[in-house]
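Here is a short briefing to read alongside the model. Keep the sequence and the 3D view open as you go through it.

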Amino acid sequence: MIRMVSVFALGLLAGVVLLVRLPALPEAVSAVGTATPETSFVPVTVPGVPDLPFEMDGDVKVFHLTAEKVIRKFRDPSDPGGGTREILTLGYNGSMPGPTIQVMEGDHVRIHFTNNWTMPTTVHWHGIELPNNMDGGSSMTQELVEPGGSYTYEFTLHQNAGTYMYHSGHMQAYQVGMGSSGFFIIHPRASRLPKVDKDFAFMLQIWSLPPHGNVPSTASMSFNYFTMNGMTGPDIPHMTVKQGEQVRIRLANLSMMSHPIHIHGFTFDVTDMGGGFLPPHLRWPTNTMSINAGETRAVELTAHTPGKWMFHCHFLHHIMNDMEFLPIPGQPHQMSHGEGMFTMLHVLKPGEMPGTGGHPGHGMAETDS
Ligand SMILES: [Cu+2]
């Protein structure tokens, strides 16, 4: 167990380093961990987002989650120099999306929550089966947590491994619209799932930003910025894997639209529709997975062909922040600074090192796990 704590702490450190240094590109995220005999899973890498560390109190995993205002930097397409604009968001523990909670099937968790926002809130554990008064359903299931206040959530995870979330349970259109979100990953207790070598996750969010504005409007349904893990392209790290590896990519949508996520050059299997991993006979092959508001998905593929393969939303204006153009390979001067939900799966040839793939554009960040 100490080993797990240290692995997750390493992920936290890596994430913090990335968050602090986001304006400087390219950026690399260091390794998060590998499967261990007692757990037989690969910790999830949420590029650009740290893990939430925990400590053990007997058999209880104890977390500390704090709601905080977080400034993120979105590429500003109106800046010909490719500069960024500081955007006010609502996150947790200095991160937006909030830090990732990674636990095991059957774990008993205690989450001490503190509200450092300037408005009341609760935390809703999205998809988690738990006692009613732990559900964070605004003032309907608990007292609101006032600014400066705290609340302790505690429950046992009796459901199957899968991809779940947390987000504000109060004034959601505003608080979730301002960024309140985070992954809640339940790992399998036994190695009954097909093995993967790399496991990535992306949170999909959309924003309505006035020209040159720094505060998203949550009263508008005219969304003009599209992000993965709180980042705009080209700052969204690539997923870097080795040829032949099994790759899982998890997606969560806390935006008010659906997103058909598409990959070039591969057919992936949909392996989780949101209620835990599907049995093998229910997995289905495709190359585009639509994910609607409030849903999570996981897809898996074999990285059979080297190269840098586009991975993006196929609502094509969602890869055009402020309606800017997709980059044109080989013509850097025409490249956009305003890509939205757009990153790459970088499959390394044997002997190839990350960052040497010859991408003809901006120095996109590389994520390895
Ligand atoms: Cu989209």
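**A covered strand**

Strand β21 (residues 342–348) is mostly covered, with seven of its seven residues buried. Buried here takes 20 or more other C-beta atoms within 10 Å of a residue's own, exposed takes 12 or fewer, and partly exposed lies in between, with C-beta atoms placed from the backbone. Please keep in mind that this is a predicted model: local features need pLDDT of at least 70, side-chain atom pairs count only at pLDDT 80 or more, and totals for chains, interfaces and linings use all residues. Residues are numbered from 1 along each chain as its sequence is written.

**The chain as a whole**

- The protein chain has three helices and 22 strands; helices (H or I, at least four residues) and strands (E, at least two) are DSSP runs, numbered from the N terminus.
- Of the 369 residues in the protein chain, 48% are buried.
- Contacts between residues at least 6 apart in sequence join residues at least 24 apart in 74% of cases, where a contact means that two C-beta atoms, placed from the backbone, lie within 7 Å.

- Strand β13 (residues 238–242) pairs with β21 in the parallel sense over four bridges; two strands count as paired if DSSP finds at least two bridges between them.
- M239 has L345 as its bridge partner in β21.
- Strand β20 (residues 307–313) runs antiparallel to β21, and six bridges join the two.
- G307 has V347 as its bridge partner in β21.

**A four-stranded open sheet**

- Which strands make up the open sheet, and in what order? The four strands follow the order β5-β10-β9-β7, with mixed pairing.
- β5 (98–104) and β7 (123–126) stand at the edges with a single partner strand each, so one side of each has no neighbour in the sheet.
- On average, neighbouring strands of this sheet are turned by 20° against each other, direction ignored; the axes are lines fitted to C-alpha atoms, for helices over the stretch in contact, and angles in general run from 0 to 180 degrees between N-to-C directions.
- β5 pairs with β10 in the parallel sense over five bridges, and V103 has I186 as its bridge partner in β10.
- β9 and β10 are also joined by five bridges, in the antiparallel sense, and Y166 stands opposite G182 in β10.
- β7 and strand β9 (residues 162–168) run antiparallel, joined by four bridges.
- Y166 in β9 is the bridge partner of W125.

**Burial in β10**

- Strand β10 (residues 182–187) is mostly covered, as six of its six residues are buried.
- G182, F184 and I186 point one way from β10, F183, I185 and H187 point the other way, and all are buried.

**A closer look at G137**

- Where does G137 sit? G137 is in the loop between β7 and α2 (138–141).
- G137 is partly exposed because 14 other C-beta atoms lie within 10 Å.
- G137 and V123 are 14 residues apart in sequence, with their C-alpha atoms 7.8 Å apart in space.
- Leaving aside neighbours within four places in sequence, G137 is in contact with H124 and G169.
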